[in-house]
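Hi,

Here is the model I promised to pass on. Have a look at it first, and my notes come after it.

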Amino acid sequence: MRYLRLFGMQIRASLLLSMQYRLEFVLDGFVEVFWMATAVVPLYVVYERRQDIAGWSFGEALMVMGWFTFLQGVLEGAINPSLVTVVDHIRKGTLDLLLMKPADAQFLVSTARLQPWRTVNVATAIAIFGWGFHLLRRVPSAAAVATASLAAVAAIAILYSLWIVTVSAAFYLVRIDNLTQLFNAVFDAARWPAQVFRGVVRVILTFVIPLALMTTCPAEALLGRLPLHVLAGCLLAGGLSLAVARRVWQTSIARYTSAGG
Amino acid sequence: MIVVRDLRKHYRVHERPPGVAAAFRSLFRRAYKDVAAVDGISFAIASGERVGFLGPNGAGKTTTLKVLAGLLHPTSGEVDVDGHDPRRREDAFLKKIMLVLGQKQQLLWDLPPSETFELNRAVYDVPRAQFAETMGELSELLELGDLVKKPARTLSLGERMKCELAAALVHRPKVLFLDEPTIGLDVSMQATVRDFVERYNQRYGATLILTSHYMEDVARLCPRVIVIDHGKLAYDGTLEELVARIRPDKRIVLRFARPVDASDLAAFGRVVRHGAGESVLDVHKEDVNRVVGQALAQLPVSDLTVENPPLEEVMSELFARGRTAAARTESRSPGPLEAAEGSTR
């Protein structure tokens, strides 16, 4: 309950921060809408020449695209800005002041900065789902929506965990800009159904950086064809990754001795 | 309130001779060296006391402070702050203390300080009524006024430090750790910060540990000083006694009606400075009366003052002594004191 209140305070500060500069706020909105409009283009181009890819029709692939857009919103709206903040803290040594607060440091760091405009992604994702179902000429069942939501929760947990591990790397490397770029580049692969990839790449994308779990599973769930045991696997993977991330974070904090102290 | 017993903090630092070849070699084989930032310090501080940590750069002051605040884990030794082991960083402990680092800020840069206060209120779980009361008192003591409504980035350094202090005191901590709180501030702002800290201490009975490069801060605020040098405790007691011990001299400033030869002054004491109209002598404090009498009788004195030697000088003498002593004992491996503070990552 206390943390819920704290979360509210952090969101409030982020909102105020975003609105501090009016022009930037408006421009951010425009840029966001523009990016969303271009998001579907690569998929569209590919499907102009082919009926299906790896068993996915255009309409079905749009489900993956929708979840990709949704997760990208989560990543860029909530995860990356906080990442930038914590790296800044480490470099300037102000993480000390954060660690002095009587609240969980991982929580404070994770909620430090949010970009409210990125919530537009959620609306865009819903629009993409709508388009996809329109092409497929069907409506998702309530059960499909429920399983898809659960799979999405697992996906967010995995995404968040990968991010916490990346942040923890900052304690050792100090400069992790390249790492985040790599992360974004790899994440881009999640816009395609996992079946598109083959061999080693697919193994890596399923087990090492589980992009398949992140976008393909919720998409399959929405299409009503995700087996329950796979859903259970997703949730297990989500929980497990959270636990691992927590462990990595705690180890890093313990090793942290502030710069110039 | 605070008990420290045989505190040690050692860092393992990677040592590398200069040059590209050496840098390349160190990619494969690294030479490490143990640096003792704090090397067996013990002291006890009572509730409500104001204590100043003195010492040259890299002496271990900030390291000690950070160990007390729970940010660094000691290599060995015992630390107790009001019944807590700082290492565990329990909420109950963190709510009792505050840490202000003069060179680092917690204010949200683009927002008014009032937003940071509000955020801290939530983080520290301060009830609204108490928060309003505390903020009222703090803004009165610090004369915050409208400052809290302007974005932090538009404030001057001094104004920001005032808000920084207020932000760190939202939860009315019982123990204040201040690391260089007046660094970079102009003289009048330094005085404002000092006055505030003193009044806060008196009003709330808070315990205070301060490190500062400005002797004025320590002289004005701290009846008791702890001198740390080379990670060791070099002195623990009152400032007057420390000064008397290092410099048993008083400083006599003489102004003359007409020029006096330097050779005529040598008989009175050690000549620190000699100019056309003014000379400065250092005289052992027991000889002051005699020397003043003689000077008035024998020299064309138009004005005369007796003062303590400047604190800055006393300190640099103390640390210079420490260094020569250390150089003697560590002549085989010189220079750990530079490494201690610069390489704690």
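First, the ground rules. This is a predicted model, in which local features need pLDDT of at least 70 and side-chain atom pairs count only at pLDDT 80 or more, while totals for chains, interfaces and linings use all residues. Residues are numbered from 1 along each chain as its sequence is written, chains are lettered from A and ligands numbered from 1 in the order in which they are written, and side-chain values use heavy atoms, with hydrogens and water left out.

**Chain A as a whole**

Chain A holds 12 helices and two strands; helices are DSSP runs of H or I with at least four residues, strands are runs of E with at least two, and both are numbered from the N terminus. Read from the N terminus, the order is α-α-α-β-β-α-α-α-α-α-α-α-α-α.

On overall dimensions, the C-alpha trace of chain A spans about 60 × 40 × 35 Å along its principal axes.

Of the 261 residues in chain A, 49% count as buried. Here buried means under 20% relative accessible area, exposed means over 50%, and partly exposed is in between, with a 1.4 Å probe and protein chains only. Among contacts in chain A with a separation of 6 or more, 80% come from residues 24 or more positions apart; a contact means heavy atoms within 4.5 Å.

**Places to look at in chain B**

B:N201 sits in helix α7 (residues 187-204) of chain B. Is B:N201 buried or exposed? With a relative accessible area of 7%, B:N201 is buried. Its side chain makes a polar contact of 2.7 Å with that of B:R50. By polar contact I mean a pair of N or O atoms within 3.5 Å; within protein, one must be able to donate a hydrogen and the other to accept it, and residues adjacent in sequence count only if both atoms are side-chain atoms. Setting aside neighbours within four places in sequence, B:N201 is in contact with B:G48, B:E49, B:R50 and B:A206.

B:G55 belongs to the loop between β3 (50-54) and α2 (61-69) of chain B. B:G55 is buried too, at 8% relative accessible area. Beyond neighbours within four places in sequence, B:G55 is in contact with B:K61, B:I228 and B:F319.

After α2(B) comes B:G70, whose phi is positive, near 85 degrees.

Two more backbone angles may interest you. Most residues other than glycine have a negative phi. B:D6, although not a glycine, has a positive phi of about 50 degrees. B:D6 is found in strand β1 (residues 2-15) of chain B and counts as partly exposed, at 37% relative accessibility. B:E143 likewise has a positive phi of about 50 degrees without being a glycine. B:E143 lies in the loop between α5 (128-142) and α6 (157-168) of chain B, and at 60% relative accessibility B:E143 counts as exposed.
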